[in-house]
Amino acid sequence: MMLLWLLCLAGFSLLSLAMPRYRRLFGLRHLSARTERIWRLSGFALLLLSLLLVLQRQQLAEDLVTWFGILTMAALLVAAVLAYRQRSN
């Protein structure tokens, strides 16, 4: 369960940091378009990997509800960090 949450957290973090607006919040350097695309695809790949790990069990309905719950918690944490960082700048 913790691995799934970490995968989702890393996926959402990569997706947000692929955007120039959020990279500037953390003082990260400018990325090329190719690198941004790689970060974005990596974020989606981590989210897809978390879904595939959840679906290894044979209880589809429970697994999807669990995955969406984990996605929600990871997205809320990333959004809270981004909002806090915007306020502190």
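The model is a prediction, with local features requiring pLDDT of at least 70 and side-chain atom pairs counting only at pLDDT 80 or more, while totals for chains, interfaces and linings use all residues. Residues are numbered from 1 along each chain as its sequence is written, and side-chain values use heavy atoms, with hydrogens and water left out.

The secondary structure comprises 4 helices and 0 strands, where helices (H or I, at least four residues) and strands (E, at least two) are DSSP runs numbered from the N terminus. Along the sequence the pattern reads α-α-α-α. The C-alpha trace spans about 45 × 30 × 15 Å along its principal axes. Of the 89 residues, 29% count as buried (buried means under 20% relative accessible area, exposed over 50% and partly exposed in between, with a 1.4 Å probe and protein chains only). Among contacts in the chain with a separation of 6 or more, 70% link residues 24 or more positions apart; contact here means heavy atoms within 4.5 Å.

The axes of helix α1 (residues 2-17) and α3 come within 7 Å and cross at roughly 160°; axes are lines fitted to C-alpha atoms, for helices over the stretch in contact, and angles run from 0 to 180 degrees between N-to-C directions. Helices α1 and α3 are therefore roughly antiparallel (angles under 35 degrees count as roughly parallel, over 145 as roughly antiparallel, 65 to 115 as roughly perpendicular and the rest as oblique). Their crossing is left-handed, a label that applies if the near helix is turned anticlockwise from the far one by less than a right angle, with right-handed used if clockwise. The residues that meet include L3, L4, L7, C8 and F12 in α1 and W39, R40, F44, L47 and L53 in α3. By class, this contact has 16 nonpolar, 4 polar and 1 charged residues. In this scheme Ala, Val, Leu, Ile, Met, Phe, Trp, Tyr, Cys and Pro count as nonpolar, Asp, Glu, Lys and Arg as charged, and the others, Gly among them, as polar.

Helix α3 (residues 33-54) also packs with helix α4 (residues 60-88), at an angle of about 145° and with the axes 9 Å apart. The contact is made by L47, S50, L51 and V54 of α3 together with D63, L64, W67 and L71 of α4. It has 6 nonpolar, 1 polar and 1 charged residues. The crossing of α3 and α4 is right-handed.

Within α4, D63 is buried, with a relative accessible area of 3%. Beyond its neighbours within four places in sequence, D63 is in contact with V54, L55, R57 and Q58.

The largest nonpolar core has 15 residues, of which C8, L47, W67, L71 and L82 touch the most other members; such a core is a set of buried Ala, Val, Leu, Ile, Met, Phe, Trp, Tyr and Cys residues joined through side-chain atoms within 4.5 Å. Helices α1, α2, α3 and α4 each give two or more residues to this core, and the largest share, 6 residues, comes from α4. Not counting residues up to four places away in sequence, L71 touches C8, F12 and L47.

Finally, L25 belongs to helix α2 (residues 20-25) and is buried, with a relative accessible area of 13%. Leaving aside neighbours within four places in sequence, L25 is in contact with L82, R85, Q86 and N89. The C-alpha atoms of L25 and S88 are separated by 9.6 Å, although these residues lie 63 apart along the chain.
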